[in-house]
Amino acid sequence: MTIKINGAITNDDDAPIYRDWFGETVVSPADVVGALPEDGSDVTLEITSNGGEVDPATEICNALRSYKGNVTAKIVSNAYSAATIVAMGANKVQMAPGAKMMIHRASSDASGNSHEMDAASGMLQATDNAIAGIYSAKTGKPAKDFLSLMDKESWLDADDAIKLGLADEKLDFDAPIVNAAMPMIPHQAIQRIKDLKDENEKLRSQLPKQDSLLNKKLAIFYDKKEVQ
């Protein structure tokens, strides 16, 4: 069984917006959990992703860790940012020659007053520690080592990732090289699309009533006798 981790990693609620409105390829926890075989048979993840949201990636990682079958992650091109978290859920991580990982500190689009920014900073620090803890659990190395690597945004080829313990072995085929991580669409834009979608559905729900009223008016008009 092969499950593709392609495109941005996002939450279950936003995934339809990315697909239906922006035409983008994304993956959410429901996509992965829903694809896991019920019989516990072996699963292969094919990862080509610039990353995305940390919480959905962590949810996928933990679902893979809980899966009773064997999971092999194959990074055929790139696993950047949150995509590396997904890969850590596998029993074995393989990388194609030319493929890369990228790990860095978490970021957000937080805004507000000083108290709100302090809270956002605390959340980001906790998130960084959690991510480093995931890498530590995979490799057996101290989490602080990965925090240092995340500080400077580290790009890792297969040899580097294997040396750190983030990957286990190389694949025996060449893969395309990707050298740019694409940004996620801002949450404000996603929310605006959701609002527009809700407004559209409300308007559509009113159409039958309007059509019925129009038909009644037309019926009265056509049944009316001409004035002499």
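Biologist: Let's start with Val-32. Where does Val-32 lie?
Modeller: Val-32 sits in helix 2, residues 29-35. Helices here are DSSP runs of H or I with at least four residues, strands are runs of E with at least two, and both are numbered from the N terminus. This is a predicted model, where local features need pLDDT of at least 70, side-chain atom pairs count only at pLDDT 80 or more, and totals for chains, interfaces and linings use all residues. Residues are numbered from 1 along each chain as its sequence is written, and side-chain values use heavy atoms, with hydrogens and water left out.
Biologist: Thanks! Is Val-32 buried or exposed?
Modeller: Val-32 is buried, at a relative accessible area of 1%. Buried means under 20%, exposed over 50% and partly exposed in between, with a 1.4 Å probe and protein chains only.
Biologist: And which residues is Val-32 in contact with, neighbours within four places aside?
Modeller: Ile-3, Ile-5, Val-27, Ile-60 and Leu-64, where contact means heavy atoms within 4.5 Å. Take Ile-5: it is 27 residues from Val-32 in sequence, and their C-alpha atoms are 8.3 Å apart.
Biologist: Switching to charges, how many salt bridges are there?
Modeller: Nine, counting a side-chain nitrogen of Lys or Arg within 4 Å of a carboxyl oxygen of Asp or Glu.
Biologist: What does Glu-46 form a salt bridge with?
Modeller: Its partner is Lys-4, with the closest N and O atoms 2.8 Å apart. That pair links distant parts of the chain, since Glu-46 is in strand 4 (residues 43-49) and Lys-4 in strand 1 (residues 2-6), 42 residues apart. Lys-4 is exposed at 51%, while Glu-46 is partly exposed at 25%.
Biologist: Nice. And which residue does Lys-194 pair with?
Modeller: Asp-14, at 2.7 Å between the closest N and O atoms. Lys-194 belongs to helix 8 (residues 187-223) and Asp-14 to the loop between strand 2 and helix 1, 180 residues apart. Asp-14 is buried at 5%, whereas Lys-194 is partly exposed at 21%.
Biologist: What about Arg-105, which residues share its salt-bridge network?
Modeller: Asp-128 and Asp-151 are linked with Arg-105 in that network. The Asp-151 and Arg-105 side chains meet at 2.7 Å, N to O. Asp-151 lies in helix 6 (residues 143-151) and Arg-105 in the loop between strand 7 (100-103) and helix 5 (114-139), so the pair ties together parts 46 residues apart in sequence.
Biologist: Great, that covers my list!
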